[in-house]
Amino acid sequence: MKRVTSVEAIIDDAAHRVLERLPQSGFCGALVEFIVFGIKQAWACLFGGALLAAIMLTRFFWPDGSWLARYDFLFFVALTIQLCMLVFRLETWEEAKVIFIFHVVGTIMEIFKTHVGSWIYPEANIFRIGGVPLFSGFMYAAVGSYMARINRIFDIRLERYPSFSLTFLLAIAIYANFFAHHFIPDIRLVLFAATIALFWRTTMHYRVFRFRHKMPLLIAFFFVALFIWAAENIGTWSRAWIYPAQAHGWAPVSFAKLGSWYLLMIISVVLVTWVSPPRDNDENQESS
């Protein structure tokens, strides 16, 4: 997979001309690295950030009695964001494959989860399947977009990554448990143990600006899950969807949902590695 798209290459070259004039060592050098890390993370979140902004803005400014339902408007917004990402070369076609797969996987789960009452979409609209507005699949696509984009934006390399067949089986088991635990005992703890057993030796190496850094992959999963949990609180506060406990007033999403998002990270990583196989950290590059 390309490290940057053609448009991103232009932005990257311009940014490097500015950044290379800045301090390279000491506190200022570390601060530059930290700021670039934040900017790259925001750029990787472009799809999800734009969609979340639309959700928040319509929460405040959507007119009562509008001829177009808010959920349908969000559906058209999500389609437009996706189209613009491709037309303006902010996203590669390889990433679009991951996003599409994630969209399908997420929509199927949404249909089931709303049917059993795990959460609901309280507003009426036209473009929906059962109780699921079609914009909801794009929220999963946003996670897929982030995972695919961050893989190349940070030039991620994985050391001691387990075999694809084992990770694929784990991802299938995790996805199946999201459905099956409504009928048979939840094996989430077993899945957490399996995740640790498979990935505890895996290290993620990534480049921010001047240096390569490293982090245990399990910890990276946790930070991404925490970020998504925070976004989920914004989404439920905006009443894009709500959990049963929020039917009579908003309350923070349970910390237990962190576990669900953590397991979802496994599925997302497997999907990304399916389209773009993980690269070993075999380059002689500086780490910190």
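Is Cys28 buried, exposed or partly exposed? Partly exposed, with a relative accessible area of 41%. Keep in mind throughout that this is a predicted model.

Let me stay with the cysteines. Cys45 is buried, at 16% relative accessibility. Which cysteine sulfur is closest to the sulfur of Cys45? That of Cys84, and the separation is 18 Å. A disulfide pair has to lie within 2.5 Å. So Cys45 is too far from Cys84 for a bond. For the structure, the disulfide count comes to zero.

Next, the core. The largest nonpolar core holds 77 residues. Which of them touch the most other members? Phe135 and Phe221. Helix 10, residues 257-275, is the element that gives the most to this core: 12 residues.

Take Phe221 on its own. Leave out its neighbours within four places in sequence. What is left in contact with Phe221 is Phe199, Tyr262, Met265, Ile266 and Val269. Look at the numbering here. Helix 10 spans 257-275, and Tyr262, Met265, Ile266 and Val269 are among the contacts of Phe221.

Now the cavities. How many cavities of 30 Å³ or more does the structure hold? One. The volume of the largest cavity is about 50 Å³. Its lining is made by Phe102, Val105, Gly106, Met109, Tyr140, Tyr175, Leu264 and Ile267. Two elements give two or more residues to that lining: helix 5, residues 93-116, and helix 10. Helix 5 has the largest share, with four residues.

Last stop, Pro216. Pro216 sits in strand 5, which covers residues 212-216. Buried, exposed or partly exposed? Pro216 counts as partly exposed, at 40% relative accessibility. What does Pro216 touch, beyond residues up to four places away in sequence? Thr202 and Thr203. His205 is 11 residues from Pro216 in sequence. In space, the C-alpha to C-alpha distance between Pro216 and His205 is 8.8 Å.

To recap. There are zero disulfides. The largest nonpolar core has 77 residues, with Phe135 and Phe221 touching the most other members. There is one cavity of 30 Å³ or more, and helix 5 gives the largest share of the lining. Pro216, in strand 5, is partly exposed. That is the tour.

Methods
Residues numbered from 1 in each chain as written. Predicted model: local features only at pLDDT ≥ 70, side-chain atom pairs only at ≥ 80, totals over all residues. Heavy atoms only, no water. Buried < 20%, exposed > 50% of the residue type's maximum accessible area, 1.4 Å probe, protein only. Core = buried A, V, L, I, M, F, W, Y, C linked by side-chain atoms within 4.5 Å. Contact = heavy atoms within 4.5 Å. 1 Å grid on protein atoms, 1.4 Å probe; cavity = no way out; pocket = protein on both sides within 12 Å on 5 of 7 lines; lining within 4 Å. Points joined across faces, edges and corners; volume = space filled by probe spheres on them.
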